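The sequence and the structure are shown first.

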Amino acid sequence: MLRALQLEPEKCTGCLQCEMACSFENEGVFNPAKSRIKVFNFHDQGRFAPYTCTQCDEAWCMHACPVEAIVVNQDTGAKEVLDSVCVGCKVCTIACPFGTVNYSHDSGKVIKCDLCGGDPWCAKACPTGAITYVDIDSTGLGRMRAWAQQGVPSAASFNAPMEKDVQTYGQAQ
Amino acid sequence: MAWANKVLRVNLTEGTVSDEPLNMEWAQQYLGQRGLASKYLFEEIDPRCDALGADNKLILTTGPLTGTMASTGGRYSVVCKSPLTGAIACSNSGGYIGAEMKNAGWDMVIVEGKSPKPVYLYIHNDDAQLLDASAIWGKSVWDADRILHQTHQDPLIRISLVGRSAEQGCLYAAVINDLHRAAGRSGVGTVMASKNLKALVCRGTKGVGNVKDPLRFMQATEDGKRVLRENAVTGQGLPQYGTQVLMNVINEAGAMPTRNMRETQFEGAHNISGEAMHEPRKSDGQPNLTTNAACFACTIACGRISTIDKEHYTIQNKPEYWGNSGGLEYEAAWALGSDTGVDDLDALTYANFVCNEDGYDPISFGATVAAAMELYDLGVITQEHTGGIDFKFGSAEALTQAAELVATGEGFGKDLGLGSKRLCEKYGRPELSMTVKGQEFPAYDPRGIQGMGLAYATANRGACHLRGYTVASEILGIPEKTDPLSTEGKPELVKAFQDATAAFDSSGLCIFTSFAWTLDDVAPQLDAACEGEWTTEKLLEVGERVWNLERQFNLVAGLTSKDDTLPKRLLEEGANAGPAKGKVNELGKMLPEYYTVRGWDQDGVPTAETRQRLGLA
């Protein structure tokens, strides 16, 4: 079964454990600046949102690379950068519509999420379940369930399933 | 090693910056952050110096676990001599700036002297510069933060700032970071502003890559996170209600200081509680609380992110306050609410926003407003003094106007910026000031929680709940329940909490973990990260050493055992309601024994034997 990272911003608290886990696994250092996943803080709205590579099937980065340094890992579906081939031309960083491929000044190569070979550390480190690693064909299941619940009599209120407190604090309630 | 092993020394008088290695011999004795910076301060300044003079130093300091994956490993402290108390000040904050300093490769920034003109410190990894602050001097924290982000064109910089209150000399001004986290107490922001230093702007991309045993560290931190997750307080209560989980609990215990501590229960407590922050309001159906939020690396996430009701009188015509910002935590809700008799949640949230926006401590502010309200109630001050404000207990308008005045230091705000002690002295009624060593009480009445009376009286930075939180034992039963109305065993309990807390505060971790963790949970994390052997026993010894060092600082600064006391009201007037009704705090029964337990003589001075045991000169 192929799996994908599922990001649920409404559960994110902005702790950056994912960024440290990512940089530790990939670079051996606790360093948000070297993380392939980033958490954004929308202060005025009181919202945090983690964001990283979605592993497009027809990946722009992969097709744009002039030296074929970005390849598909058949086990995980991840588009991985081959450091030994990458020449640091940065064309992929331009091609990616989502900004999730970035250049690393220290190594002279680009870096992007590679799903940690099928065991993504960001998901393991997330304390609230805002980042999970789930069946790639069912990433919408949780949200479908939440909306479906609205049709169930006695569901609390129309907006409730999307509200973070219901999801995060479900156990306590 | 976990320490960055590098100190940035900034001489504002000369306008120079230089780096030097961290004193690793001291790090083995004082660990980091609170302990290590206190050691530097004690060695480098004369504790008798003028806190607002060029001779005082301001140290911004991280701990060895700051910037790591250890849960809550993002703390930093601001250490200096306090202008409010004349004692040592050490204020701790979360948010992201501490980790950013560490990621830039610095354990500590020591700020010396005084700049001839306003400057700010810009750090980008090894590069540190003093830059002209004329564009942000005179601006609020929030305005200056926005201007600095624009100036540097870098959304990823983290910033610590002082606001207008600090510039105007408010004696309890804070250093605010990340817009709404605060090194809040004892006027550390006032000291920063007195040096003409407006801000620390930091960007660090080096990270923390030198922990001693990475694999063991990851296992130890994972074990720690599991303990936090499975604990009822850190796993459920704090994420859901924040520290505001305490409002109803403490009120029921009859330990809710109300109306300048005249009373011990507040009839409006529910209206300003954590539960009330979840209730939808009439105007837009939204609750006060938008979400909980974490500081760097924290897996608890007790922070509150809130909005004020757009229809509330405070912000009806001020769209700039319509967004989210740091909401009420228990101490702020108590000080701004119960202590002033105001139970208007939106007014409290607004006052709290203003405290953050212009950088001052809501505890000292609320308690000073409460003292002023009592002076007004007694007719000692009138509208002539308050600038026409009807300063009566329970008035939300008086509270929010007072907040605006302290923010800018205008009118009656000047008086309120003095703090409760100097305000009450100024108007001839010093006994109405609810302070120890000049610092205002936090949210636990020591008549209903006896151990807290001793903890307040002996706290090295003046009245404070974060120096020995025996509430955990006396009310919450952590690690085991003791009778809050009894003095039995409290001297030992207070000492144990004080020493353990000093160790937590020296590590880079948040003291709130101690609802679930003991030092047995902390030691394996430190031991896997830091050079040397770090056991629970060693940490307790570090904690006790830090406590005694702070005490020595204060003794040299001129404080004596006479300062280890409580206001007459708490020692002589019985609690008016609740389980402790009729009780006073029996400090006299506890203090002599505490000195003995500490290995101090009956003047509160550490004996030669104690100093020798702890390796203090």
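A crossing is left-handed if the near helix is turned anticlockwise from the far one by less than a right angle, and right-handed if clockwise.

## Basis of the model

The model is predicted: local features need pLDDT of at least 70 and side-chain atom pairs pLDDT 80 or more, whereas totals for chains, interfaces and linings use all residues. Residues are numbered from 1 along each chain as its sequence is written, chains are lettered from A in the order in which they are written, and side-chain values use heavy atoms, without hydrogens and water.

## Helices α2 and α21 of chain B

Helix α2 (residues 33-44) of chain B packs against helix α21 (residues 536-557) of chain B at about 30°, with the axes 10 Å apart; axes are lines fitted to C-alpha atoms over the stretch in contact, and angles run from 0 to 180 degrees between N-to-C directions. α2(B) is therefore roughly parallel to α21(B) (angles under 35 degrees). Their crossing is left-handed.

Contact (heavy atoms within 4.5 Å) involves residues including Arg34(B) and Phe42(B) of α2(B) and Trp547(B) and Phe553(B) of α21(B).

## Helices α19 and α23 of chain B

Helix α19 (residues 490-504) of chain B and helix α23 (residues 587-598) of chain B pack at about 50°, with their axes 8 Å apart. The crossing of α19(B) and α23(B) is right-handed. Among the residues in contact are Lys495(B) of α19(B) and Tyr594(B) of α23(B).

## Interface of chains A and B

Chain A contributes 28 residues to the contact and chain B 40 residues.

Terms used
Helices (H or I, at least four residues) and strands (E, at least two) are DSSP runs, numbered from the N terminus. Angles under 35 degrees count as roughly parallel, over 145 as roughly antiparallel, 65 to 115 as roughly perpendicular and the rest as oblique.
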